[in-house]
Amino acid sequence: MSQNATTATPAAARDPRAFVAPLVATLITLPLGLVALCFAGISPMACDSCNGDEAHAFDDSFAAAFTVFQAGLAVALVLLVTAWALPWQRRHAAKRVVLAALAPAAVVLAWVLFYGMVDWP
């Protein structure tokens, strides 16, 4: 017997668990990003009592660091969307898991970069 031409190969078969990795990553990344954004947003209060050169140094470093932080959050969002958007086939399972795992890591990296770039008083 010949193989039917419409039969899908195992790699192209639909993966019934394709939603698990993006779902877990979404449930971790979005709250983590929101909390990090809240703390980054209120961090200028650390320099409320600053004046002169100390305040200027903080403001300049904060502006650059917050831009980097926002870019890091955008990267995390792109990773999440890509993990969800990959076709739900078995051959994309490894890519989906890696993208899903990188999303919360991108938020943590963005926070570490932000915290390291700011010239704290």
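1. At what angle do the axes of helix α2 and helix α3 cross, and within what distance do they come? The axes of α2 (residues 53-85) and α3 (residues 93-117) come within 8 Å and cross at roughly 175 degrees. Axes here are lines fitted to C-alpha atoms, for helices over the stretch in contact, and angles run from 0 to 180 degrees between N-to-C directions. The two helices α2 and α3 are therefore roughly antiparallel to each other; angles under 35 degrees count as roughly parallel, over 145 as roughly antiparallel, 65 to 115 as roughly perpendicular, and the rest as oblique. The residues of the contact of α2 with α3 divide into 23 nonpolar, three polar and one charged. In that division Ala, Val, Leu, Ile, Met, Phe, Trp, Tyr, Cys and Pro count as nonpolar, Asp, Glu, Lys and Arg as charged, and the others, Gly among them, as polar.

2. On the basis of the note: this is a predicted model, in which local features need pLDDT of at least 70 and side-chain atom pairs count only at pLDDT 80 or more, while totals for chains, interfaces and linings use all residues. Residues are numbered from 1 along each chain as its sequence is written, and side-chain values use heavy atoms, with hydrogens and water left out.

3. On the overall fold: the chain has three helices and zero strands, and its pattern along the sequence is α-α-α. Helices (H or I, at least four residues) and strands (E, at least two) are DSSP runs, numbered from the N terminus. The radius of gyration of the chain is 21 Å, well over the 14 Å that the globule rule gives for 121 residues, so the chain is more spread out than a compact globule. That radius is taken over C-alpha atoms, and the globule rule is 2.2 Å times the number of residues to the power 0.38. Along the principal axes, the C-alpha atoms fill a box of roughly 85 × 20 × 15 Å.

4. On burial: 31% of the 121 residues of the chain count as buried. Buried means under 20% relative accessible area, exposed over 50%, and partly exposed in between (1.4 Å probe, protein chains only).

5. On the cysteines: the structure holds one disulfide, a disulfide being a pair of cysteine sulfur atoms within 2.5 Å. C47 is joined to C50, with an S to S distance of 2.2 Å. The torsion about the S-S bond of C47 and C50 is about -130 degrees, so this disulfide is left-handed. C47 is buried at 9% relative accessibility, and C50 is buried at 13%. C38, at 45% relative accessibility, is partly exposed.

6. On the aromatic rings: the structure holds twelve aromatic pairs. Rings of Phe, Tyr and Trp (its six-membered ring) pair if their centres lie within 6.5 Å; planes under 30 degrees apart count as stacked, over 60 as edge-to-face and the rest as tilted. The rings of F66 and F69 have centres 6.1 Å apart and planes at 35 degrees, so this pair is tilted. F66 and F69 lie in helix α2, three residues apart, about one turn of the helix, and both are buried.

7. F114 is buried at 0% relative accessibility. Ring pairs link F58, F62, F66, F69, W111, F114, Y115 and W120 into a cluster.

8. The C-alpha atoms of A18 and R96 are separated by 7.8 Å, although the two residues are 78 apart along the chain. A46 is in the loop between α1 (20-42) and α2 and is partly exposed at 43% relative accessibility. From A46 to V81, 35 residues apart in sequence, the C-alpha to C-alpha distance is 34 Å. P87 is in the loop between α2 and α3 and is partly exposed at 39% relative accessibility. P87 and L34 are 53 residues apart in sequence and, C-alpha to C-alpha, 28 Å apart in space.
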